[in-house]
Amino acid sequence: MLTHRRPEERARLDALSRAFDPQTRRRLEAAEIAPDWSCLEIGAGTVAHWMAARCHRGSVTATDLDVALVREPVPANLAVLVHDVTEDAFPEGAFQLIHARAVLMHLPQRERIIQRMLPWLAPGGVLLVEDLVHFPRHGLPASSPLRRVIDAWWASLATSFGMDDTWGVRVAAAMRDTGYEHVRSEADLPAFHAGSPIAEFSRLTIQAVAPRLVSTGLLREADVHAGLEEIDDPGHLSFPIAVVATSGHRPAN
């Protein structure tokens, strides 16, 4: 449903970047990302280009199963790699920083991936995982058409390939169980109102998954239409999606 080969997929991911990049950059700066670091970006999004600029004496590797949407031009210190994080490996101690946003929530092997990434970090290196969480829909009563559509969207993705909309709140426990140190979590709650990046991201996602929602009987076409209308309501304000960010360090010794 959300393949990179869809004509609309770049616009959908661009909206996600506008919604979440500022806070991601803030967190990476708080991790004291340095000009000579070697970094890994799992998901090959816009953050990779930002990291390449910050690590101008270092290097960044950006990976994905499909790298068709990686932005051009690619800086000289940014390597783009087709890579399956569930199976393919990196050398021991290769990176000072690993970042993954809205990736592990979609992968049933998510706990094992947290384990696999620990030795990829240099001693003292940091892993930052950011994932979306289906937040209690403040301002979205049960009668809200948009709430019904969002609930169906998350339910459909969960049953189609094992996406977990609660994974973000369990990342910290997974890191501690694996042996990461100094594990910390925080959450952002972007306001959902007409014209906001998170609203545009949601609109484009709903449009992408709507055929499946209707064909599987989760919604009627009229329900989808009513939900999209609510997104454009100038008076609408809600908080349906949270971002939970968790960082942890490989032990220095």
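The model is predicted, so local features need pLDDT of at least 70, side-chain atom pairs count only at pLDDT 80 or more, and totals for chains, interfaces and linings use all residues. Residues are numbered from 1 along each chain as its sequence is written, and side-chain values use heavy atoms, with hydrogens and water left out.

Start with the helices. Helix α4 covers residues 145-161, and helix α6 covers residues 197-215. Helices here are DSSP runs of H or I, at least four residues; strands are runs of E, at least two; both are numbered from the N terminus. The axes of α4 and α6 come within 10 Å and cross at roughly 65 degrees. An axis is a line fitted to C-alpha atoms, for helices over the stretch in contact, and angles run from 0 to 180 degrees between N-to-C directions.

Which residues of α4 meet α6? Among them are L146, V149, W153 and L157. On the α6 side, the residues include F201, I206, V209 and L213. Contact means heavy atoms within 4.5 Å.

Next, the second largest pocket. A pocket is an open set of points on a 1 Å grid over the protein atoms alone, where a 1.4 Å probe fits, with protein on both sides within 12 Å along at least five of seven lines; lining residues have an atom within 4 Å of a point. Here the lining has 15 residues. R27, A30, L128, E186 and S247 lie nearest the centre. Elements giving two or more residues are α1 (9-30), β5 (121-134), β6 (181-188) and β7 (241-249).

Now charges. The structure holds 15 salt bridges, each a side-chain nitrogen of Lys or Arg within 4 Å of a carboxyl oxygen of Asp or Glu. One joins R12 and E9, at 2.9 Å, N to O. R12 and E9 are about one helical turn apart, because they are 3 residues apart in helix α1.

Last, the backbone. Most residues other than glycine have a negative phi, and most peptide bonds are trans. A44 is not a glycine, yet has a positive phi of about 50 degrees. A44 sits in the loop between β1 (38-42) and α2 (46-54). The peptide bond from E72 to P73 is cis, with omega near -5 degrees. P73 lies in the loop between β2 (59-64) and β3 (78-82).
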